[in-house]
Amino acid sequence: MKILSPSILSADFRHLGEDVKTALNAGAQWVHIDVMDGMFVPQISFGNPVIKALRPDTDAVFDVHLMIEEPGRYIESFARDGADVITVHAEACRHLDRVIQQIKACGKKPAVAINPATPLSVLNYVLDDLYMVLIMTVNPGFGGQSYIPYCSEKVRELKEILKSRNLKTLIQVDGGVNLSTIEEARDAGVDVFVAGSAVFGGDIEANVKALLAKIN
Ligand code: DX5
Ligand code: ZN
């Protein structure tokens with residue numbers, strides 16, 4: 001089954017809890033939570049208290065995308081506060097394997113994100129340990145950017161690699177996913193679609209239904 005994971009970065013924080021519930025009630029399955037540190041990416045977004053505040057509201061999978069330098073410093077705290085899938089950037093970890101093992105040791109699902117310019121080969125030796133790979137389809141840091149077309153090719157290549165290695169690892173895309181681009185991503189073989197502005201800009205319920213209709 002294809003999964004829609006709305007990114008709360010584009011939500012209206014004045015009524016975040018309500019907006020997340022609206023997206024989930026409309027059929028979105030996960031919640032994508034973008035944590036930014038102002039170092040790995042230019043912007044600072046939010047951190048543990050927001051995850052902790054949302055957690056009692058739902059059992060939906062919390063898909064926590066850590067755009068922070070050396071995320072190994074914070075794995076335990078995000079695990080404790082309610083993350084289910086924890087995604088770290090290959091580019092931000094000096095010791096990627098160690099961080100993946102930390103996530104597993106906390107009983108959470110490990111995922112690794114790679115920026116558009118980062119080759120798939122950084123994943124070669126850790127792929128067997130991953131629940132999901134996040135192929136960034138924009139340069140991370142902001143919502144509302146345009147989908148970079150060559151990233152679909154990376155998704156296709158990854159799909160082939162997973163097949164040849166007999167792995168069930170999920171493929172996620174994040175950035176510029178909207179009604180005009182989601183089918184291209186679907187056709188490339190994506191399992192989990194992150195969408196921020198395309199969900200939280202305007203009528204949330206209608207947006208979720210329209211996006212789900214395109215992927216299923
Ligand atoms: C970008 C974030 C995304 C962002 C996506 O750095 O990781 O999750 O919120 O926003 P849209 O869907 O608007 O491109
Ligand atoms: Zn994200």
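A: Happy to! One term before we start: a polar contact is a pair of N or O atoms within 3.5 Å. Also, this is a predicted model.

Q: Which residues are closest to ligand 1?

A: Ligand 1 is surrounded by 19 residues, and the closest are Asp-34, Gly-141, Asp-174, Gly-196 and Ser-197.

Q: What do Gly-141 and Ser-197 do there, in terms of distances to an oxygen atom of ligand 1?

A: Gly-141 places a backbone N or O atom 2.7 Å from an oxygen atom of ligand 1. Ser-197 uses its side chain instead, with a polar atom 2.5 Å from an oxygen atom of the ligand.

Q: And how much of ligand 1 does the protein bury?

A: The protein buries 99% of the 380 Å² that ligand 1 exposes when taken alone.

Q: Changing topic: how many strands are in the open sheet, and in what order?

A: There are eight, with parallel pairing, in the order E1-E8-E7-E6-E5-E4-E3-E2. The edges are strand E1 (3–6) and strand E2 (30–36), each pairing on one side only. From one strand to the next, the twist averages 25°.

Q: Can we zoom in? How many bridges join E6 to E7?

A: Five bridges join E6 (residues 132–136) to E7 (residues 170–174), and the two run parallel. Met-136 stands opposite Asp-174 in E7, and Asp-174 is also among the residues closest to ligand 1.

Q: Which strands does helix H4 lie across?

A: Helix H4 (residues 96–105) lies across E4 (85–89) and E5 (109–114), running at about 145° to E5.

Q: Last one: how many aromatic pairs are there?

A: The count comes to one. Phe-13 and Phe-46 have ring centres 5.7 Å apart and planes at 85°, so the pair is edge-to-face.

Q: Where do those two sit in the chain?

A: Phe-13 is in the loop between E1 and helix H1 (16–25), while Phe-46 is in the loop between E2 and helix H2 (48–54).

Conventions. Residues are numbered from 1 along each chain as its sequence is written. Chains are lettered from A and ligands numbered from 1 in the order in which they are written. This is a predicted model: local features need pLDDT of at least 70, side-chain atom pairs count only at pLDDT 80 or more; totals for chains, interfaces and linings use all residues. Side-chain values use heavy atoms; hydrogens and water are left out. Two strands pair if DSSP finds at least two bridges between them. Helices (H or I, at least four residues) and strands (E, at least two) are DSSP runs, numbered from the N terminus. Axes are lines fitted to C-alpha atoms, for helices over the stretch in contact, and angles run from 0 to 180 degrees between N-to-C directions. Contact means heavy atoms within 4.5 Å. A residue is near a molecule or strand if one of its heavy atoms lies within 4 Å of it. A polar contact is a pair of N or O atoms within 3.5 Å; within protein, one must be able to donate a hydrogen and the other to accept it, and residues adjacent in sequence count only if both atoms are side-chain atoms. Accessible areas come from the Shrake-Rupley method with a 1.4 Å probe; for residues, only the protein chains shown count as cover. Rings of Phe, Tyr and Trp (its six-membered ring) pair if their centres lie within 6.5 Å; planes under 30 degrees apart count as stacked, over 60 as edge-to-face and the rest as tilted.
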